[in-house]
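Hello,

Here is the structure I promised to pass on to you. Please have a look through it, and then read my notes below.

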Amino acid sequence: LALGALLGEKQLRFEAILPQTALPKPSCMLVFSSGCLRNTVRYSFHSRSLGVLIAASPCALVLGAPVAYLSALSVCARRGVLVKGGAKTLERTAAVDHVVFDKTGTLTTGNLKLKGVQVFSGAEEENASSELQSWVLSTAAALEQHAVHPIASALEEEIKNRGIHAGEVSGARSFPGCGLEGTVERDGKRTGVRIGNPSFAEEWTSEYSDLVERSIADSTERGEIVAVLATDDGFRAVLSFTDVIRENAKSAVSSMRSDSLRLSMLSGDNMTSAERVSNEVGKLDDVHASLSPSEKLNILSGWRGSKGSVLMVGDGVNDAPALAGATVGCSLGLRSATAVENSDVIFMDENLSSLSWYIRKSKSTRAIVAQNLVLALGFMALASMSAACGALPLWLAVSMHEGGTLLVGLNGLRLLSDDLS
């Protein structure tokens, strides 16, 4: 039952049908051997009949796929790559020709650092005193406590380093891919507050002042990640964050490009930041930015319809719809339970090099399964025909049958090697 669950319904149907197709074969061989070749062979009818029955037994054919899949899944687990769907996921991965990345936390480390805070009241920039900055950071951290996002971690670390306590927020609501909203107390009165991407915060006003727009544009041009904190009475604060490329991102992208895979990015951050990361890791084929989770899913669904099998790599809750909608969804680490739940493969070590290795391993698995089927059918046909014609003694027919089974098993066990990718 465990093996059936691992290998999927296709394998079970294959094994159920196989005896029905294999059993008539020795019967035909027996008729053939007893009729046409009765007087021209060296061995008795009974010896030839037993040889055909043994040689036509589909042991190697049934063993070929399971031993390869189990070996591949075993070595994946040893490297910290957990394949939730078993053999079915390996099969789908082997057909992948398009890999799509999230940006923050996937191609980058996701360990954001606060770069700066600029405060605006109405159309003017305020002198951001330490007290005012503390209120901004305290309020932003209080809102972000209700989110699982790198910005939340960066703000938590920042207020900890400054010795600031997170403020109190009531009625907090999350808008996936946009930001958060709640109510705080400011200057003795309850004030609505939002934090998120610039377009989300801008919904509370007709338009940003020129100073706010310039601040956002300057941070964006530097490739920084921008979040805006806004209150319903016109107060604005622009928070900018920096991130760094993962150490192995460039080599992983180069490896996948050498395998003729199409590489793309779907990001919720601004286009300037996304293009900067794309250029640093090796110029991806497609870059889409400023996307909500639903927009990521729509683009990815279009790619699936026009470009075949798509593998999506992400790490956060905003990536979950795209991970679920991809041919194969891969979660880089365990940062988000939602992303893990909607993924088919989990990379425990958060190493992009493991992704390129896993794709190659899945393709190697498919190739070895095909090799095993050819070997098994070849040994069955050769041994059965030779035994039916009386060209093989019984002991040699048995040896060929067992030798074919052994060869198929050993060929599948080659997948246990890390080097075979």
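Arg 194 is buried, at 8% relative accessible area; buried means under 20%, exposed over 50%, and partly exposed in between, with a 1.4 Å probe and protein chains only. This arginine sits in strand E7 (residues 189-196), where helices (H or I, at least four residues) and strands (E, at least two) are DSSP runs numbered from the N terminus. A polar atom of the Arg 194 side chain lies 3.0 Å from the backbone oxygen of Phe 200.

Please keep in mind that this is a predicted model: local features need pLDDT of at least 70, side-chain atom pairs count only at pLDDT 80 or more, and totals for chains, interfaces and linings use all residues. Residues are numbered from 1 along each chain as its sequence is written, and side-chain values use heavy atoms, with hydrogens and water left out.

On confidence, pLDDT is the predictor's confidence in each residue, from 0 to 100. The chain has a mean pLDDT of 83, and 85% of its residues reach 70 or more. Over residues 1-41 the pLDDT is below 50, and this stretch has 53 contacts in the model beyond near neighbours in sequence (a contact means heavy atoms within 4.5 Å).

Now to the salt bridges. Counting a side-chain nitrogen of Lys or Arg within 4 Å of a carboxyl oxygen of Asp or Glu, there are 19 salt bridges. One of them joins Lys 296 and Asp 102, with the closest N and O atoms 3.4 Å apart. Lys 296 is in helix H13 (residues 293-307) and Asp 102 in the loop between strand E2 (98-101) and helix H6 (103-107), so the pair links parts of the chain 194 residues apart. Lys 296 is buried at 4% relative accessibility, and Asp 102 is buried at 6%.

Lys 296 also forms a salt bridge with Asp 319, where the closest N and O atoms are 2.9 Å apart. Asp 319 lies in the loop between strand E12 (310-314) and helix H14 (320-325), 23 residues from Lys 296. Both Asp 319 and Lys 296 are buried.

Another salt bridge pairs Glu 350 with Arg 246, at 3.3 Å between the closest N and O atoms. Glu 350 is partly exposed at 24%, whereas Arg 246 is buried at 11%.

Best wishes

Definitions and conventions
Polar contact = N/O pair within 3.5 Å; in protein donor to acceptor, adjacent residues only side chain to side chain.
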